[in-house]
Amino acid sequence: MGQTIVLTGMVLAAIPIGEYDKRITLLTKERGKITAFAKGARRQGSTLTAAANPFAFGQFEVYEGRTSYTVVRASISNYFRELVADFESVYYGFYFLEIADYYTRENADELHMLKLLYQSMRALEKKTLPNRLVRCIYELKAMVINGEYPNVFSCMDCKREDRLAFFDVEKGGMLCETCGRTGAIPVDASTLYALQYIVTSSIEKLYTFTVSEEVLTTLERVMEAYMKRYIDRRFKSLEVLKENLGFAGRL
């Protein structure tokens with residue numbers, strides 16, 4: 001305690017404090033999720049102005065006091081400017097920050113969640129990947145990292161690993177052709193493969209594929225049903241997307 005340390009991380013949220021300061025939430029490789037004060041960040045010409053905003057990724061030198069952290073200086077390597085410049089993409093990005101905030105804890109090993117968050121922001125900047133697909137991948141992989149993802153490898157009833165054809169949200173995973181029941185979501189082979197790939201692949205290889213509109217629609221149905229059943233929070237960023245872009249579907 002009472003020392004300066006350097007942390008690698010991303011700003012998840014920033015709140016004005018007093019006349020000139022900010023309180024930021026940082027997801028870091030070394031200390032998990034922490035709260036830190038950026039004094040003077042709202043002053044004109046402050047060296048912390050840009051660093052104390054959501055999406056800023058880099059190294060943060062902080063003073064570790066007995067009860068709080070204070071940002072001393074920062075070296076930002078990525079502001080995700082292309083992402084921030086696009087309304088739809090930036091609110092998907094804000095949603096990803098909210099999910100990271102929901103799952104992560106202080107003094108926990110959050111390296112994988114930080115890597116996922118960073119790679120997902122980069123994916124949102126790619127024009128070749130639909131934001132809807134990036135969202136499905138991010139949601140499912142965040143659940144995998146936190147150990148509460150659905151079983152997409154065997155039937156929840158009879159345990160067989162072949163002929164999987166339905167997703168049952170109440171049972172928390174797949175059902176085979178024989179065990180399928182009314183209300184379960186039909187899942188074709190391509191969608192099943194996409195689900196299994198997301199669960200098993202490394203973070204670095206997540207955003208290397210695309211899917212058909214039909215598969216994407218099914219992925220959205222599966223993730224909507226599962227998240228609605230197992231996550232007890234409404235995310236403000238999705239509400240903004242719904243209100244401003246007129247999204248129907250699963251928002």
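The following legends describe close-up views of a predicted model. Local features are given only at pLDDT of at least 70 and side-chain atom pairs only at pLDDT 80 or more, while totals for chains, interfaces and linings use all residues. Residues are numbered from 1 along each chain as its sequence is written, and side-chain values use heavy atoms, without hydrogens and water.

**View 1. Helix 4 (residues 131-145) against helix 6 (residues 213-230).** Helices (H or I, at least four residues) and strands (E, at least two) are DSSP runs, numbered from the N terminus. The two axes come within 10 Å and cross at roughly 40°. Helix 4 is therefore oblique to helix 6. Axes are lines fitted to C-alpha atoms, for helices over the stretch in contact, with angles from 0 to 180 degrees between N-to-C directions; angles under 35 degrees count as roughly parallel, over 145 as roughly antiparallel, 65 to 115 as roughly perpendicular and the rest as oblique. The crossing of helix 4 and helix 6 is left-handed, that is, the near helix is turned anticlockwise from the far one by less than a right angle. In contact (heavy atoms within 4.5 Å) are Arg132, Leu133, Cys136, Glu139, Leu140 and Met143 of helix 4 with Glu213, Leu216, Thr217, Leu219, Glu220, Met223, Tyr226 and Met227 of helix 6. By class, this contact has 9 nonpolar, 1 polar and 4 charged residues; Ala, Val, Leu, Ile, Met, Phe, Trp, Tyr, Cys and Pro count as nonpolar, Asp, Glu, Lys and Arg as charged, and the others, Gly among them, as polar.

**View 2. Helix 2 (residues 87-103) alongside helix 4.** The axes of helix 2 and helix 4 come within 11 Å and cross at roughly 5°, so helix 2 is roughly parallel to helix 4. Helix 2 contributes Glu88, Ser89, Tyr92, Tyr95, Phe96, Ile99, Ala100 and Tyr103 to the contact, and helix 4 contributes Asn131, Arg132, Val134, Arg135, Tyr138, Glu139, Ala142 and Met143. By class, 10 nonpolar, 2 polar and 4 charged residues take part in the contact of helix 2 with helix 4.

**View 3. Tyr138 in the largest nonpolar core.** A nonpolar core is a set of buried Ala, Val, Leu, Ile, Met, Phe, Trp, Tyr and Cys residues joined through side-chain atoms within 4.5 Å. The largest has 65 residues, and those with the most contacts inside it are Met10, Ile99, Leu117, Met121, Tyr138 and Tyr207. Leaving aside neighbours within four places in sequence, Tyr138 is in contact with Phe96, Ile99, Ala100, Met113, Leu116, Leu117, Ser120 and Tyr207. Apart from this core lies another, of 18 residues, including Val11, Ala41, Ala52 and Ala56.

**View 4. Phe55 and Lys159, two residues with positive phi.** Most residues other than glycine have a negative phi. Phe55, in the loop between strand 3 (32-38) and strand 4 (57-64), has a phi near 85°. Phe55 is buried, at 2% relative accessibility; buried means under 20% relative accessible area, exposed over 50%, and partly exposed in between (1.4 Å probe, protein chains only). Lys159, in the loop between helix 4 and strand 6 (164-168), has a phi near 75° and is exposed, with a relative accessible area of 54%.

**View 5. Ser212 in the loop between helix 5 (189-200) and helix 6.** Ser212 is partly exposed, with a relative accessible area of 40%. Ser212 and Ser190 are 22 residues apart in sequence and 9.1 Å apart in space, C-alpha to C-alpha.
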